Amino acid sequence: MPFIIKTIIAFALSAIGLGVYHVPQPRPDMASTTPTEKPYEAVGGFGQAMADIYRYVPPVTTTTPPAPVYKHGDCSWLPAVAMQAGWSVEQIPQLTKYALRESGCCPNRAGGDNVDKNCNITGVSDWSHRSDSGLMQINGVHWMPSHAQYDGLVCKQMRICTQEPLLDALTNLRAARLIYSQVGWSAWDICHREKNCK
């Protein structure tokens, strides 16, 4: 076989890592390294090219997004949580309107609570509706098992029979979604509640 053909074959084999000119590299001690520090073992050819490329690809990090920062009167965080709770995009404007009116978009607020600008409870101004709970001020008729009017809907279907879980924004919006599926917006509609609108 002519020298030139042997050279071409040897070069091709070495390029894919199979040639006689491939020199194996000793493996480094990996005991004290983290996965992002491990050197790539491929030497020469396509494997080395891929190792060089991936050496510069940043590692993928999976972090959870930060919890929303609640401010009285700021509902900017609500759409993302509402969608997670099952509300549709079309319902978000009305939902936001009611959340702003009911609690000032402070999910930890019980009925009658006063809050500061950061949604911290500062006192109680009215003790007559303390069963109203959280972001959408879900009334006790929906979560107390003893109320016959709505038959404790949230208690029966979601197994939430106390106020505390409803002070979580996501849980509250899920419970509100359940109520909405039964009675629409009437649970939050002042005209319906007070029966004085024409």
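Q: With which residue does the side chain of aspartate 132 make a polar contact?
A: Residues are numbered from 1 along each chain as its sequence is written, and side-chain values use heavy atoms, with hydrogens and water left out. A polar contact is a pair of N or O atoms within 3.5 Å, where within protein one must be able to donate a hydrogen and the other to accept it, and where residues adjacent in sequence count only if both atoms are side-chain atoms. At 2.7 Å, the side chain that meets aspartate 132 in this way is that of asparagine 139.

Q: Is aspartate 132 buried or exposed?
A: Aspartate 132 is placed in the loop between β2 (121-124) and α5 (140-143), where helices (H or I, at least four residues) and strands (E, at least two) are DSSP runs, numbered from the N terminus. A residue is buried under 20% relative accessible area, exposed over 50%, and partly exposed in between (1.4 Å probe, protein chains only). Because its relative accessibility is 12%, aspartate 132 counts as buried.

Q: Which residues does aspartate 132 touch, not counting residues up to four places away in sequence?
A: Contact means heavy atoms within 4.5 Å. With residues up to four places away in sequence left out, aspartate 132 touches Arg109, Ala110, Gly111, Gln137, Ile138, Asn139 and Gln163.

Q: Which residue of β2 is the bridge partner of asparagine 114?
A: Strands β1 (residues 113-115) and β2 run antiparallel and are joined by three bridges, where two strands pair if DSSP finds at least two bridges between them. Across this pairing, the bridge partner of asparagine 114 is glycine 123.

Q: Which residue in the hairpin of β1 and β2 takes a positive phi?
A: This hairpin has five residues between the strands. A positive phi, near 65 degrees, is taken there by cysteine 119.

Q: Which cysteine forms a disulfide with cysteine 119?
A: A disulfide is a pair of cysteine sulfur atoms within 2.5 Å, and the structure holds three. In this one the sulfur atoms are 2.1 Å apart, and the torsion about the S-S bond is about -70 degrees, so the disulfide is left-handed. Both cysteines are buried, and the partner of cysteine 119 is cysteine 106.

Q: How many residues apart in sequence are the parts tied together by cysteine 75 and cysteine 105?
A: A disulfide with an S to S distance of 1.8 Å joins the two, and with 95 degrees about the S-S bond the link is right-handed. Cysteine 75 lies in the loop between α2 (45-55) and α3 (78-84) and cysteine 105 in the loop between α4 and β1, so the parts they tie together stand apart in sequence by 30 residues.

Q: Which helix of the chain has the lowest confidence?
A: The chain averages a pLDDT of 80, and 66% of the residues score at least 70. Confidence is highest in helix α4 (residues 92-103), at 96. Where pLDDT is low, the predicted coordinates should not be read in detail. The lowest confidence, at a mean of 61 over residues 190-194, is in helix α8.

Notes
pLDDT = per-residue confidence, 0-100.
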